Amino acid sequence: MDADEHDWNRTLREQWEFHWNHHLRARLDGLTDDEYFWSPVPEAWSVRPRGSSTAPVQAGAGHFTIDYAFPEPVPAAFTTIAWRLGHVIVGVLAARNAAHFGAPAASYETWEYAGSAATALDQLESQLDLWLAGVRGLGEAGLRVPVGAKEPFPELPMAALVLHIHRELIHHLSEVCLLRDLYLHTNPATNGATR
């Protein structure tokens with residue numbers, strides 16, 4: 001098969017789908033609220049009940065907000081599972097689903113952040129479904145179209161954005177898995193539990 005006949009759209013989707021189905025999804029099963037909000041260090045950024053944060057910026061439209069600062073501190077703040085999932089759901093997926101695939105507008109400021117692990121995982125799965133449907137709908141020709149002014153590098157093709165989003169998903173959700181491992185091995189109440 002030559003490169004012109006290859007289904008590049010399917011290959012790009014499979015890059016993420018394989019990692020999700022074989023490495024990540026099962027690792028998120030059973031995520032508890034204690035893990036979701038757990039902070040292994042003081043002053044970690046998280047998702048918190050409105051008005052309870054000490055971060056310079058608390059973004060969000062609902063009962064919970066996400067910690068933030070602009071400019072970002074150096075070194076970067078440590079972030080909880082709740083924060084990392086909020087970032088993936090909103091900044092990585094929902095904003096791109098809105099910008100490129102006709103989903104409702106989404107931003108850090110307007111999002112209703114999840115107050116529980118179960119709600120966050122539901123939001124994640126919904127945004128992943130929208131993302132994959134959008135990528136599938138691009139077909140082959142749509143992967144070559146420039147991303148446009150909605151992205152920092154407007155001249156790059158949509159294929160580059162797809163690869164970038166998949167790297168972000170793999171990177172941040174692997175961090176979530178690592179934090180779950182750290183929680184398991186440092187919390188006496190869960191030490192010895194199997195996952």
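Reader: Does G60 count as buried or exposed?
Author: Glad you asked; this is a predicted model, in which local features need pLDDT of at least 70, side-chain atom pairs count only at pLDDT 80 or more, and totals for chains, interfaces and linings use all residues. Residues are numbered from 1 along each chain as its sequence is written, and side-chain values use heavy atoms, leaving out hydrogens and water. Buried means under 20% relative accessible area, exposed over 50% and partly exposed in between, with a 1.4 Å probe and protein chains only. The relative accessibility of G60 is 13%, so this glycine counts as buried.

Reader: Where does G60 sit, and which residues is G60 in contact with beyond its neighbours within four places in sequence?
Author: Helices (H or I, at least four residues) and strands (E, at least two) are DSSP runs, numbered from the N terminus. G60 belongs to the loop between β2 (57–59) and β3 (64–68). Taking contact as heavy atoms within 4.5 Å, and setting those neighbours aside, the partners of G60 are R50, T65, Y108, E109, W111 and Y113.

Reader: How are helices α3 and α5 oriented to each other?
Author: Axes here are lines fitted to C-alpha atoms, for helices over the stretch in contact, with angles from 0 to 180 degrees between N-to-C directions. The axes of α3 (residues 81–101) and α5 (residues 158–186) come within 9 Å and cross at roughly 165°. Angles under 35 degrees count as roughly parallel, over 145 as roughly antiparallel, 65 to 115 as roughly perpendicular and the rest as oblique. The two helices are therefore roughly antiparallel.

Reader: How do the residues of the contact of α3 with α5 divide?
Author: Among the residues making this contact are L85, V88 and R96 of α3 and I165, L169 and E175 of α5. Ala, Val, Leu, Ile, Met, Phe, Trp, Tyr, Cys and Pro count as nonpolar, Asp, Glu, Lys and Arg as charged, and the others, Gly among them, as polar. On that basis, the contact has 13 nonpolar, four polar and five charged residues.

Reader: What is phi of E43?
Author: Most residues other than glycine have a negative phi. E43 lies in the loop between α2 (33–37) and β1 (47–49), and is exposed because its relative accessible area is 65%. Its phi is positive, near 65°.
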